[in-house]
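Me: Hey, can you walk me through this one? I'd like to start with the ligand.

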Amino acid sequence: MTHLRSIVRGCGSYLPPRILTNKELESIVATSDEWIVQRTGIRERHIAAKDETTSTLGIKAAEAALADAGLEAAEIDLVVCATSTPDYTFPSTATQIQHGLGNYGSAAFDLQAVCSGFIYGLATADKFLTSGSHKRALVVGAETFSRIIDWEDRGTCVLFGDGAGAVVLEAAPGEGTKADRGILTTQLRSDGRYRDKLYVDGGPGSTGTTGHLRMEGREVFKFAVGKVMDVVKDAFADAGVTPEELDWFVPHQANRRIIEASADKLGIPREKVVITVEKHGNTSAASIPLALDAARRDGRIKPGDLVMLEAIGGGFTWGSALLRW
Ligand code: UT7
């Protein structure tokens, strides 16, 4: 029996040209290149220029993904943008990306699950495509976290950066087995009791201001390593796949230590782990498609490879997606 799958037709990413190095941060807050590299693995991050916004970064990533897919913008009938740093409270950043691409009339909306946003976006688009209601989706993760950072807080300002990544998904027939190309399973979780561990202290409905990011880093770290295990194991079980069958582990890029500790606990060898955090820091919803695009372009991820994505973010929200490239 035919079983619809959401296959990846193309991917793309974009980082703004301005690079902020650890050395430069030493003149902004009491920190050191050595501390940042040792505790996080981050060496540099990219910062959006004054005339760049989340949607302009998203448009560039989406254009690259469409070119990679060999598709015109008009062939897309769903645009999902995962972001916590929208250009405006409304309209959605997704509609501005849609407009920038010259795609009119398709469904477009934003989705907010902070650093898990791309996983939530993939899972949402997958439901649209596998229901048969839509044919091709653009899923974008785009952020300008530099705009919500407290540049006097050394505990957070060294960690984040700006960027965008995108994939084009297409509904295609499969057999309903783990040998199919496309998304095999997604696992989504959230728990609002953890709000105070990672949040922004402002918003249109509370303070009327944009606010700044606040985080209890050590608490987030502990939660991240623990919860990642659950969603990754559940994804393996749901798809009937063993960790040994995995070709690539592409986690949210927040901290090299979190990534390595999670991979070790899951028994995934280090050479199968894609790490790009040193180049762009934590770009929240953009980090997974940025890492995916890097590993695809340098030839690591190849057609047929089994790829596990996972993330955890404010809320807390967390989730995983297992797909065959
Ligand atoms: O995307 C999902 C959300 N975010 C994350 O996944 C981040 C999760 N957390 C982390 O990545 C880590 O907890 C951090 C990188 C944020 C911090 O690393 P840590 O090893 O947990 O350090 P810590 O918070 O326990 O702080 C250790 C020390 C403290 O000094 P004292 O109290 O021991 O004297 C901090 O004040 O390091 C100090 N510190 C810094 N020193 C130099 C904190 N930030 C800095 C800094 N430079 N930038």
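Me: What should I know about the model before we go on?

Reply: This is a predicted model, where local features need pLDDT of at least 70 and side-chain atom pairs count only at pLDDT 80 or more, while totals for chains, interfaces and linings use all residues. Residues are numbered from 1 along each chain as its sequence is written, and side-chain values use heavy atoms, with hydrogens and water left out.

Me: OK, back to the ligand. How far is the polar side-chain atom of asparagine 282 from an oxygen atom of the ligand?

Reply: It's 2.8 Å for asparagine 282. Arginine 257 also has a polar side-chain atom by a ligand oxygen atom, at 3.4 Å.

Me: Which elements give two or more residues to the shell around it?

Reply: They are α2 (33-40), α6 (154-157), α7 (217-239) and α8 (256-266). The largest share is from α7, with 4 residues. Helices here are DSSP runs (H or I, at least four residues), strands are E runs of at least two, and both are numbered from the N terminus.

Me: How many residues surround the ligand?

Reply: 23, and the closest are Thr31, Arg39, Arg218, His252 and Asn255. To be near, a residue needs a heavy atom within 4 Å.

Me: How do the shell residues divide into nonpolar, polar and charged?

Reply: There are 12 nonpolar, 7 polar and 4 charged. Asp, Glu, Lys and Arg count as charged, Ala, Val, Leu, Ile, Met, Phe, Trp, Tyr, Cys and Pro as nonpolar, and the others, Gly among them, as polar.

Me: New topic: which residues does a cis peptide bond join, with omega about 5°?

Reply: Phenylalanine 90 and proline 91. Proline 91 is in the loop between β4 (78-82) and α4 (93-101). The bond from glycine 315 to phenylalanine 316 is cis too, with omega near -5°, and phenylalanine 316 sits in the loop between β12 (306-313) and β13 (317-324).

Me: What about phi of valine 114?

Reply: Phi is near 50° there, a positive value in a residue other than glycine. Valine 114 is in the loop between β5 (107-111) and α5 (117-131).

Key:
Polar contact = N/O pair within 3.5 Å; in protein donor to acceptor, adjacent residues only side chain to side chain.
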